Amino acid sequence: PKDTIVKNRVGGKVSSVRIVPSSQSVNTGCHSSCISQNYDVQPTGATFDPSAIIVFKYDADNLPDGISEDNLYIALWDPVTQELTDLGGTVDPQAHTVSTDIEHLSFYVLLAHTRPASLQVSDLSLTPGQVVLGEDVTASIVVSNTGDLDGNCPVELILDGVTVQTKDVNLAGGSSETVAFTIPSDAVGEHRVCVGDMQGTFVVESPGLPAAFTVSGLKLDTDSVNPGETIIVSATVTNTGELTGSYPAVLKVNDVALQTEEINIDGGESVTVTFIVTPDAFGLYQVSIDDLQESFEVKPPVPPLPPLVTVVSSRPELSSFSTALNYDESTRKLIFARVAYQMKQTYNVIPGARLILAVYHNGKLLEQVPLLTLSQLQSDGKTGQLNYIPHAGWELGEYSFRAELYEGENFIQDTPVEKFIVTPESITRIVSWWTLGTVIAVAMILIIAFIVVIIYRRRDMLEE
């Protein structure tokens, strides 16, 4: 190539190169053959930087039998050691040349590798390793020619100890090829495959029972509907076989096919199929899927009910009852308990009703006070209230209030007990009417006695 530096063996300038055929014999060894003469390229020992390229031309028609162009190579011959160095080379089959890079000048020769063909088998593969009866298994191997010359050999496939297939394989030297055999599976069980020194196994299984279907559990979500309402029909379809299959579920209403649904079910599995029916005419309907039957009714609309008549009971009834304590705002002393109540009926429609306020002090009945009097009732005739003060005034302890409703002498209703505690801080001296009357009576007696005494004294004084 241009700009290559060429020097002789002592580093001097080289002005020319000579290629001279040499008569010196070359020991090619057992596995190579000369394709050309031995050439002495001079000056011997000259070097190239970068490398030079040496090219040998060959006649393809004159190559020895069994020699492939791919087996050609360029070798460097050392006359002193009598040894060849394989430099390889690039073969151009169109130009019929072999070329390689060299760094110095010496003896070169074009040779061909001539190792005899040697075919070897490797990489046995069985695909798939498990099949169903009737499916095919593919056995593949790699056949390689480790020699230099073309070669062929028969490759035998042995199944369960019997040769069942043979293929002739032709390979160029140094090449390889994948060879495949198709093995039909015609017997259930494990099978052994041998090719050369390699072996493998595959398993053939029974295809299983074909799909078979049963229908069960037919049901309706209701047994009666109105026209235009929907009814849901469902059933369970089971595949009792081992293989996947398709089942056409047909819904019939009154023996007429109304809907069809195609469902795929794996072997041994169950699927629920559902249909929606919307009848629009009155009557009794028969529903069937397979051999199962159910029925439902479409009812006419129900006529509207007559208006409700409200009847007011004349029996007295208490609707509310409450008590609330009232305190003096300045002294915070308890004055009275306000009792409020309300009846469900007005006073004029329950003339025989009696409402009694039962008052308890520390669990003992203290007194019973009539309620439901005209003086207590408000203008609505149902609501009333009473400001209650105990007959003897408030005392320490627990007070309980309960309203009791009677119709004549018959008890009708009472209320939950309402309680509160009277403490010393909440008591004030409030004189009851009974106490006030007693005080007045005692005072009048004392005044009369005092007047009598005075009259008697005046009489005595007059007599004297």
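Three salt bridges are present in the structure, which is a predicted model. One of them joins the side chains of Glu317 and Lys344, with an N to O distance of 3.1 Å. Glu317 is located in the loop between β25 (292-298) and β26, and Lys344 in the loop between β27 and β28, so this pair ties together parts that are 27 residues apart in sequence. Both partners are partly exposed: the relative accessible area is 33% for Glu317 and 48% for Lys344.

A further salt bridge links Glu409 to Arg354, the closest N and O atoms being 3.8 Å apart. Glu409 is exposed, at 69% relative accessible area, whereas Arg354 is partly exposed, at 32%. In the salt bridge between Glu404 and Arg402, the closest N and O atoms are 2.8 Å apart. Glu404 is buried, with a relative accessible area of 9%, while Arg402 is partly exposed, at 22%.

When neighbours within four places in sequence are left aside, Leu357 is in contact with Phe321, Val339, Glu367, Gln368, Val369, Leu371, Leu386, Phe401 and Arg402. Leu357 is itself one of the residues with the most contacts inside the largest nonpolar core, a set of 27 residues; Leu318, Phe321, Tyr341, Leu355, Trp394 and Phe401 are also listed in this group. At least two residues of this core are supplied by each of the strands β26 (318-327), β27 (334-343), β28 (353-361), β29 (364-371), β30 (383-388), β31 (397-407) and β33 (418-422). Strand β27 provides the largest share, five residues. Apart from this core lies another, of 22 residues, which includes Val215, Val237, Phe275 and Val287.

Nonpolar side chains also occur at the surface. Ile447, Phe450, Ile451, Ile454 and Ile455 form a nonpolar patch there, and their accessible area together is about 490 Å². Ile447 is part of helix α1, which spans residues 433-463.

The number of disulfides in the model is zero. Cys153 takes part in none, the nearest cysteine sulfur being that of Cys194, 17 Å away.

Several features of the backbone are found in loops. The peptide bond from Gln42 to Pro43 is cis, with omega near -5 degrees, and Pro43 is placed in the loop between β3 (32-42) and β4 (47-57). A cis peptide bond also runs from Thr127 to Pro128, with omega near -10 degrees. Pro128 is situated in the loop between β10 (119-127) and β11 (130-132).

Positive phi values occur at Asn254 and Asp255, neither of which is a glycine. For Asn254, phi is about 55 degrees, and for Asp255 the angle is near 65 degrees. The loop between β21 (245-253) and β22 (256-265) contains Asn254, and Asp255 is likewise placed between β21 and β22.

The loop between β29 and β30 holds Thr373, a partly exposed residue with 25% relative accessibility. Thr373 and Ser36 are 337 residues apart along the chain, and their C-alpha atoms are separated by 150 Å.

Notes:
Residues numbered from 1 in each chain as written. Predicted model: local features only at pLDDT ≥ 70, side-chain atom pairs only at ≥ 80, totals over all residues. Heavy atoms only, no water. Patch = residues over 30% accessible without salt bridge, like charges linked within 9 Å, V, L, I, M, F, W, Y side chains within 5 Å. Areas by Shrake-Rupley, 256 points an atom, 1.4 Å probe, with all protein chains shown as cover. Salt bridge = Lys/Arg side-chain N within 4 Å of Asp/Glu carboxyl O. Helix = DSSP H or I, 4+ residues; strand = E, 2+ residues; numbered from the N terminus. Core = buried A, V, L, I, M, F, W, Y, C linked by side-chain atoms within 4.5 Å. Buried < 20%, exposed > 50% of the residue type's maximum accessible area, 1.4 Å probe, protein only. Contact = heavy atoms within 4.5 Å. Disulfide = S-S within 2.5 Å.
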